[in-house]
Amino acid sequence: MLFSMLRFVLVSFVSLSFCLNVLAQSPSDTELQPLADKSLVLDIATFSDTSVAVGDRGHLFTFNGQWQQVPSPTKALLTKVFLASAEKGWAVGHDATILHTQDGGQSWQVQMSSPEIEKPLMDVLMFDDTSGIAVGAYGLFYRTQDGGKTWQDEYHQELLFEEDIAYLEELKAEDEALYLSERSTLLPHFNRVVRLNSGALLMVGELGLVATSDDLGYTWQKQDFVYEGSLFNSVVTETGVYVMGLRGHLFYSNTGTGNWQEIPLPTKATINGGIVLNETTVRLVGNAGIILDVKQTGEADLIAQRQGENLVSIMTDPQGQLWIGGTKGFVKLEQE
């Protein structure tokens with residue numbers, strides 16, 4: 001059941017079938033692949049003059065006028081990368097893998113890898129150089145206070161459905177082993193966590209999960225959201241926040257804490273990522289190769305579609321050039 005449900009989530013995320021039991025490799029396994037930049041790229045991050053990207057089979061890239069692969073200490077699928085500064089960054093992925101760089105992505109070290117739990121991490125958010133959180137499938141949640149030297153797991157029961165809380169309480173009194181087994185699979189997948197303009201955290205995930213935290217994720221308040229499907233990403237602008245997911249669903253709130261309004265899109269394709277293009281527009285990318293511009297007024301236009309590709313992430317390099325990551329690697333998006 002665990003394998004099939006996780007497979008479904010990631011198929012809907014990028015419409016591919018990925019193996020969930022990719023073994024993390026030793027630090028000596030650093031061979032570079034000549035066509036890595038044409039394979040799956042799941043995330044791109046930029047801070048000042050540093051850009052890094054992550055993807056299939058532990059692939060790691062840096063940007064110096066062009067994307068170049070760098071040695072990786074893992075072969076686990078990497079799903080997300082975060083830069084806290086131009087030098088320090090973290091990447092997460094399958095096998096509950098967490099990697100760290102202190103030199104702008106030129107070299108990486110494994111901070112955590114737990115293949116035995118068979119769950120991927122989907123996002124990492126650092127609040128500064130030393131403290132942050134990583135989140136993932138079935139409520140996977142870790143926190144560090146020492147720059148990632150140690151990661152402590154947390155269980156956020158407040159994000160369970162009320163009936164599941166009652167079920168677990170009864171089960172704990174009857175069968176401790178079964179309680180622990182059930183507890184590890186009842187929370188929804190945590191797909192993305194971002195910081196709002198107010199300083200609060202916003203997390204989105206499966207089953208229409210939208211939750212906020214005012215204490216850096218120690219406690220969460222689940223919102224009564226207007227949609228019960230999967231939400232994969234969030235984009236914070238100067239005036240509000242967008243959340244996006246399956247079948248072309250996009251929602252906007254000027255606070256991120258409620259009053260969500262759905263924005264009709266000219267597509268039913270899953271929306272995977274986005275970026276603030278300018279003060280009035282966000283650019284979104286998704287499955288079926290779609291590229292959309294959404295205005296602050298709520299107007300949405302399909303500006304391009306790349307046949308035979310699923311587009312997952314979009315980011316600018318230090319020179320301001322837009323790049324998209326997806327199932328066919330890096331796509332340079334020509335400026336209009």
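**Pocket and helix pair: a quick briefing**

Strand E1 gives the largest share of the lining of the largest pocket, six residues in total. Keep in mind that this is a predicted model.

**The largest pocket**

- Its volume comes to about 750 Å³.
- The lining has 32 residues, and the closest to the pocket's centre are Lys80, Val194, Ser234, Gly274 and Met315.
- Strands E1 (41-47), E5 (78-83), E9 (121-126), E13 (190-195), E17 (231-236), E21 (271-278) and E25 (311-316) are the elements that each put two or more residues into the lining.
- Sorted by class, the lining has 19 nonpolar, eight polar and five charged residues.

**Helices H2 and H3**

- H2 covers residues 162-174 and H3 covers residues 176-186; their axes come within 7 Å and cross at roughly 155°.
- That angle is over 145°, so H2 and H3 count as roughly antiparallel to each other.
- The crossing of H2 past H3 is left-handed.
- On the H2 side, the contact uses Asp164, Tyr167, Leu168, Leu171, Lys172 and Glu174, while H3 brings Glu176, Leu178, Tyr179, Glu182, Arg183 and Leu186.
- By class, this contact splits into six nonpolar and six charged residues, with no polar ones.

Conventions:
Residues are numbered from 1 along each chain as its sequence is written. This is a predicted model: local features need pLDDT of at least 70, side-chain atom pairs count only at pLDDT 80 or more; totals for chains, interfaces and linings use all residues. Side-chain values use heavy atoms; hydrogens and water are left out. Axes are lines fitted to C-alpha atoms, for helices over the stretch in contact, and angles run from 0 to 180 degrees between N-to-C directions. Helices (H or I, at least four residues) and strands (E, at least two) are DSSP runs, numbered from the N terminus. Angles under 35 degrees count as roughly parallel, over 145 as roughly antiparallel, 65 to 115 as roughly perpendicular and the rest as oblique. A crossing is left-handed if the near helix is turned anticlockwise from the far one by less than a right angle, and right-handed if clockwise. Contact means heavy atoms within 4.5 Å. Ala, Val, Leu, Ile, Met, Phe, Trp, Tyr, Cys and Pro count as nonpolar, Asp, Glu, Lys and Arg as charged, and the others, Gly among them, as polar. On a 1 Å grid over the protein atoms alone, a cavity is a set of points where a 1.4 Å probe fits but cannot get out, and a pocket is an open set with protein on both sides within 12 Å along at least five of seven lines; lining residues have an atom within 4 Å of a point. Grid points are joined across faces, edges and corners, and a volume is the space filled by probe spheres set on the points.
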